[in-house]
Amino acid sequence: MHACESKLDMTRQRKPQGERRLPATLTLTAATLRKLSNAALFIVLLLFALLALSGRFLTGSVQPALSAGSRLSGNGHAERLKLSIPVMTTTYSVQLSPDSEAHIRKTLKANILPGTNSTVIITVANAGMLEFTRNWIFSLHSQDVHNFVVFCLDLQILLGLEQFQSSLVYVPSTWLGTQNNGERPDPKSSSYGQELFRRIVVVKPSIVRRLLDWNFTILISDVDVVFLRPDFFSKMTDAMRRQSCDIAFQSDNWEDGVPRQNWILCAGLYMITPTDLMRKLLAVWTTLPQDQLALNNILRDDRVTYPDQKICSLSPFNFANGHTYADAVKLNRTIYTVHANWMVGKAAKKSFLRSIGAFYT
């Protein structure tokens with residue numbers, strides 16, 4: 001401040017004798033003005049560069065449907081969503097209203113797979129799996145599939161995926177499942193087996209149940225699944241049609257032809273149709289404290305009977321899991337998807353996907 005003031009020519013202007021004196025004024029030379037303007041421009045450009053490098057530069061709302069506003073909480077009262085992002089000494093606030101059911105319906109309808117009446121590919125993700133969610137999206141794009149919906153569990157991932165804004169929805173607190181008591185899972189959770197991660201996986205059946213009530217056919221996938229061929233969807237639908245089933249799961253078995261009583265069904269990739277039987281299945285599934293384990297227990301429970309032909313298991317060599325991928329390659333099988341499961345931790349999953357050329361981010 002003193003340096004700037006030293007460059008100011010402080011003069012006191014005087015009126016001719018007999019006239020009233022005017023207050024002192026500051027006179028800036030043209031050179032001084034140029035120096036000040038250049039300094040201000042440099043500061044502005046520096047701030048813009050820092051913001052761009054941080055990946056946090058926000059030009060407004062995430063999308064029209066995510067613009068400033070409020071959402072309805074479980075009791076119907078308006079609730080403001082606000083995310084504060086610190087950048088140096090400045091805090092930029094974004095207010096969002098992305099979780100209204102009307103917005104979710106609109107986004108689902110806009111992302112129905114071409115050639116189908118009501119099929120939508122979805123995933124459920126949090127900020128802890130942001131990198132894998134991007135990879136999931138890029139793998140779909142690599143197969144020329146651009147219709148999908150990401151159900152975001154926290155605002156961090158919603159903003160982190162801003163470039164895919166037409167495919168993003170924010171999970172309402174009323175959709176989080178009874179096991180979570182309406183509380184959002186920790187955004188950093190990413191490791192299988194952790195209690196915090198369990199709170200994420202139990203949300204998925206709750207979301208699918210609501211979408212079935214809206215008569216959507218859902219292909220749901222974990223974000224550590226990669227799509228390897230453009231005809232993965234037709235292969236799944238063909239399997240369902242041949243077996244007249246309402247739901248088709250990825251198999252976590254290590255070989256083909258396993259008897260039904262020994263099936264290990266994977267909740268990380270399946271397609272389900274909105275039939276009464278499937279609504280019944282989800283009604284039971286959503287009351288249990290686990291995701292995949294609960295699913296397999298339900299199907300083996302004599303108290304709940306599901307006709308065998310209505311539930312099918314996909315070939316673990318065509319829809320490979322973390323154990324069967326290498327064998328599928330050796331057997332020269334056509335691999336439509338690969339799931340980086342049977343391995344714990346993001347580093348192990350990323351290493352596996354990179355080793356097969358399927359980590360794009």
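Mentor: Two residues are in contact when heavy atoms of theirs lie within 4.5 Å. Leaving aside neighbours within four places in sequence, tryptophan 136 is in contact with Ile121, Ile122 and Thr123, with Phe148 and Val150, and with Ser221, Asp222, Val223, Val225 and Phe227.

Tryptophan 136 belongs to the largest nonpolar core, which has 49 residues. Within that core, Trp136 is one of the residues that touch the most other members, the others being Ile121, Leu140, Val150, Leu219, Phe232 and Leu353. Helix H8, residues 232-243, gives the most to this core, with 5 residues. In soluble globular proteins, nonpolar side chains tend to be buried together. Apart from this core lies another, of 41 residues, and Val258, Leu265, Ala294 and Ile311 are among its members.

The sheet comes next. Seven strands form an open sheet with mixed pairing, in the order S8-S7-S6-S9-S12-S11-S13. Strand S8 (168-170) and strand S13 (311-313) are the edge strands; each has a single partner, so one side of each is left without a neighbour in the sheet. On average, neighbouring strands are turned by 30° against each other, direction ignored. Within the sheet, S6 (residues 119-125) and S7 (residues 149-152) are paired in the parallel sense over 4 bridges. One of the residues concerned is alanine 125, whose bridge partner in S7 is cysteine 152. Helix H8 packs on this sheet and touches S6, S9 (217-221), S11 (247-251), S12 (265-272) and S13. The direction of H8 makes about 85° with that of S12.

The structure holds 9 salt bridges. In one of them, arginine 210 is joined to glutamate 101, the closest N and O atoms being 3.8 Å apart. That pair links distant parts of the chain, for arginine 210 is in helix H7 (residues 203-213) and glutamate 101 in helix H3 (residues 101-110), 109 residues apart. Arginine 210 is partly exposed, at 28% relative accessible area, and glutamate 101 is likewise partly exposed, at 36%.

Arginine 279 and aspartate 213 also meet in a salt bridge, at 3.7 Å from N to O. Because arginine 279 lies in helix H9 (residues 276-285) and aspartate 213 in helix H7, the pair ties together parts that are 66 residues apart in sequence. Arginine 279 forms a salt bridge with aspartate 276 too, with the closest N and O atoms 3.2 Å apart. Aspartate 276 and arginine 279 are 3 residues apart in helix H9, so about one helical turn separates them. Aspartate 213 is partly exposed, with a relative accessible area of 46%, whereas aspartate 276, at 63%, is exposed.

Over residues 1-28 the pLDDT stays under 50, and the model has 15 contacts beyond four places in sequence for them. Residues 54-97 also stay under 50, with 89 such contacts in the model. Where pLDDT is low, the predicted coordinates should not be read in detail.

Methods: Residues numbered from 1 in each chain as written. Predicted model: local features only at pLDDT ≥ 70, side-chain atom pairs only at ≥ 80, totals over all residues. Heavy atoms only, no water. Core = buried A, V, L, I, M, F, W, Y, C linked by side-chain atoms within 4.5 Å. Buried < 20%, exposed > 50% of the residue type's maximum accessible area, 1.4 Å probe, protein only. Helix = DSSP H or I, 4+ residues; strand = E, 2+ residues; numbered from the N terminus. Pairing = 2+ DSSP bridges. Axes fitted to C-alpha atoms, helices over the stretch in contact; angles between N-to-C directions. pLDDT = per-residue confidence, 0-100. Salt bridge = Lys/Arg side-chain N within 4 Å of Asp/Glu carboxyl O.
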